[in-house]
Amino acid sequence: MDLLIFKAPILIVQASMDGILLGILFALIAYGMALQWGVMNIINIAQGDLVILGGYIAYFMYLYGIHPAWGVIVSPIIMYFVGIGIYKLVINKVVDRDLFISILATFGISILFMQLMNFAFGADVVLANSGYGTTMLFNNSVVLPNSKIFAAIISIIFAIGLVIYMKKSKLGRAIRATAQNARAAKILGVDTEKVYAATFGINAALCGVAGALISITFTIHPYMGLPYTIRSFMIVIVAGLGNLPGVAISGMGLGVFEEFADYILGTEFRIGSVFLLLVLILVYRRFKLSRKREYLK
Amino acid sequence: MNKNNLILYAVILIFGLVAPFVFPAFKVQLSILCVLIILAITWNIQGGEMGYNSFGNILFYGLGMYLCASVQVGMFFPLAEWTESGGEKTFVHTPTQFFQGFGVGLAVAAIVPTIVAGLIGYSILGLRGHYFAICTLGLGVAAGEISGGIEIIGAGQGFTTPPFPNIGSLEARGEFFYFCSFVSLVLTFIAVKSIYSTRFKLVLNAIRDNEDKAEAMGIQTMKYKIIGWMISAFFCGLAGGIMGGLVGYIDSTDVAFDGREMGVFMVLMAILGGKGTLWGPVIGATIFHIFKEGFWTFFLGWQYVALGVLIVVIVIYFPEGIMGWLREKYPERFGEVVDEADRKAQVELK
């Protein structure tokens with residue numbers, strides 16, 4: 001094959017490094033997805049749009065002269081309340097209903113958010129410039145922007161912080177209890193309604209962090225939400241619910257896959273290949289399970 | 001079929017036949033309405049009757065659209081040069097070529113998606129519930145993204161379908177496409193109605209209610225699921241082909257594989273009317289189209305916001321749809337036997 005990536009093996013290192021750093025960010029979003037899926041049994045199609053909204057918060061801080069890295073603190077706080085608001089308005093009515101209802105309802109929220117962001121922020125592709133410069137590795141042949149490294153480190157810090165919070169705090173215990181058995185938790189005095197609201201808020205806050213980091217490292221655009229939803233869904237189904245190391249590893253794997261697809265197939269097929277990979281993974285798992293006469297649950 | 005039903009069908013048929021001459025200004029809208037009803041009916045076959053909620057029927061619709069236009073051009077002229085010239089036409093179809101091409105194109109647009117549905121059906125339909133929904137969503141979006149990168153069908157800049165030939169009357173274009181879509185709608189309705197009166201529909205309902213039990217009863221569920229999906233794909237592709245000619249311009253993500261609009265519309269229309277009924281999708285699509293055009297006219301620019309709110313409201317507060325609501329209100333009309341004493345007891349319980 002006459003492709004640049006096979007002629008210059010150093011590009012493989014470059015793509016892998018980029019992919020891993022990108023994948024850590026995806027894993028953070030997928031962690032939020034796994035949390036709400038496990039606890040509330042809903043699939044949130046608007047996940048990606050929450051990410052983009054979080055990104056716009058950081059971008060606006062950048063526009064008003066504040067360093068966008070502070071968005072990592074501000075964005076989750078705002079997004080937490082946005083999440084609580086969405087929960088109170090819509091999600092609490094779909095929690096114990098059929099999963100398809102939640103998919104469709106959040107699809108509606110996704111379209112709504114997409115369009116509102118398009119009105120409020122315009123349809124331009126924007127980027128919050130952090131001015132962090134780049135790091136050169138291996139005799140200047142691999143270029144890593146410092147902002148990507150920063151994003152990966154912040155994601156890891158938030159993920160570890162959340163894991164500890166879920167293990168140690170009272171709310172974290174309540175969330176885990178509700179995830180195991182909502183009815184039993186209710187009987188034992190857990191206010192599940194509050195737990196659900198908090199879970200959705202935490203999920204939105206995680207999206208806010210990820211969005212702020214994405215606005216620094218990559219670009220954001222009102223219509224870019226759906227691919228993030230699909231990526232996080234994919235990561236969760238590959239890793240399985242409640243498998244946090246799995247989420248991290250499959251997130252990085254997806255990042256690497258995407259970078260390679262970008263190099264080999266071309267940028268115009270990048271999003272398409274992500275969606276196609278989702279279909280392939282689901283079909284693969286379906287065939288694997290059907291040998292045991294089971295199906296994906 | 002009793003007398004009332006016959007009169008109803010006759011009235012609708014006559015209305016459909018005279019509508020373009022009575023309301024000439026609404027010809028295009030009526031054609032789009034016919035296409036929307038076809039899409040809602042076909043979605044209902046596996047979404048409502050089979051219980052497989054698909055976001056991916058847009059795949060067949062877009063495939064049909066591209067195939068019909070490509071065949072129509074490719075039969076007489078080199079396709080690559082046509083798409084390269086974009087809006088400026090270097091080749092002109094004669095009327096015979098146009099109609100011949102369109103006819104063959106529609107046939108291909110209906111048959112190829114059916115084959116595609118059959119081929120991918122075995123893999124995809126093994127998934128259930130929300131995995132199926134998300135997988136088909138991915139399929140639809142992937143098709144849009146990939147077709148946007150293929151040069152021969154116009155890639156990102158779109159594909160202009162052949163312009164309607166000049167055959168005297170200015171009204172001819174609208175009338176031609178109206179009758180195309182109306183005839184397809186009638187065919188779809190007759191086909192689906194006759195399918196629904198056979199054992200096939202009962203099997204689909206059994207799959208929806210409990211697939212494992214249906215399998216245990218000796219039904220080859222996979223076979224029926226694939227056939228159901230193929231029927232859907234056939235009419236979806238047909239509708240796509242007509243819509244492509246009607247719109248006159250095909251773009252990969254905004255017209256053909258428009259999962260964000262058409263892909264959600266068909267789900268919404270079927271749910272609004274009532275899933276799993278014959279007339280539900282028809283009523284739902286009609287009401288939805290009127291609402292949508294109202295939104296598009298009065299809230300120009302805010303239409304997607306209104307659409308998002310509409311989806312959330314319908315899904316949360318109206319999941320049974322219009323037919324479901326009517327059924328709850330007048331169960332006797334739906335052939336349910338109502339025991340008065342039982343009903344009273346239920347009222348007292350409430």
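Of the 350 residues in chain B, 46% are buried. The model is predicted.

**Chain B as a whole**
- Chain B contains 16 helices and 2 strands.
- The C-alpha trace of chain B spans about 75 × 45 × 40 Å along its principal axes.
- A compact globule of 350 residues would have a radius of gyration near 20 Å, and the 21 Å of chain B agrees with this.
- Of the contacts in chain B between residues at least 6 apart in sequence, 81% link residues at least 24 apart.

**Where chain B touches chain A**
- Chain A gives 34 residues to the contact, and chain B gives 33 residues.
- On the chain B side, α5 (95–124), α6 (129–147), α12 (262–273) and α14 (303–317) each supply at least two residues.
- The largest share of that side of chain B comes from α6(B), with 12 residues.
- Sorted by class, the side of chain B that touches chain A has 21 nonpolar, 9 polar and 3 charged residues.

**Helix α3 of chain A**
- Helix α3 of chain A covers residues 47–63, which is 17 residues.
- At 1.5 Å a residue this helix should span 24 Å, and its end C-alpha atoms are 25 Å apart, so the two values agree.
- Because 15 of its 17 residues are buried, α3(A) is largely enclosed by the rest of the structure.
- After α3(A) comes A:G65, which has a positive phi, near 90°.

Methods
Residues numbered from 1 in each chain as written. Chains lettered and ligands numbered in written order. Predicted model: local features only at pLDDT ≥ 70, side-chain atom pairs only at ≥ 80, totals over all residues. Helix = DSSP H or I, 4+ residues; strand = E, 2+ residues; numbered from the N terminus. Expected span 1.5 Å × (residues − 1). Buried ≥ 20, exposed ≤ 12 C-beta atoms within 10 Å, placed from the backbone. Contact = placed C-beta atoms within 7 Å. Nonpolar A, V, L, I, M, F, W, Y, C, P; charged D, E, K, R; others polar. Rg over C-alpha atoms; globule rule 2.2 N^0.38 Å.
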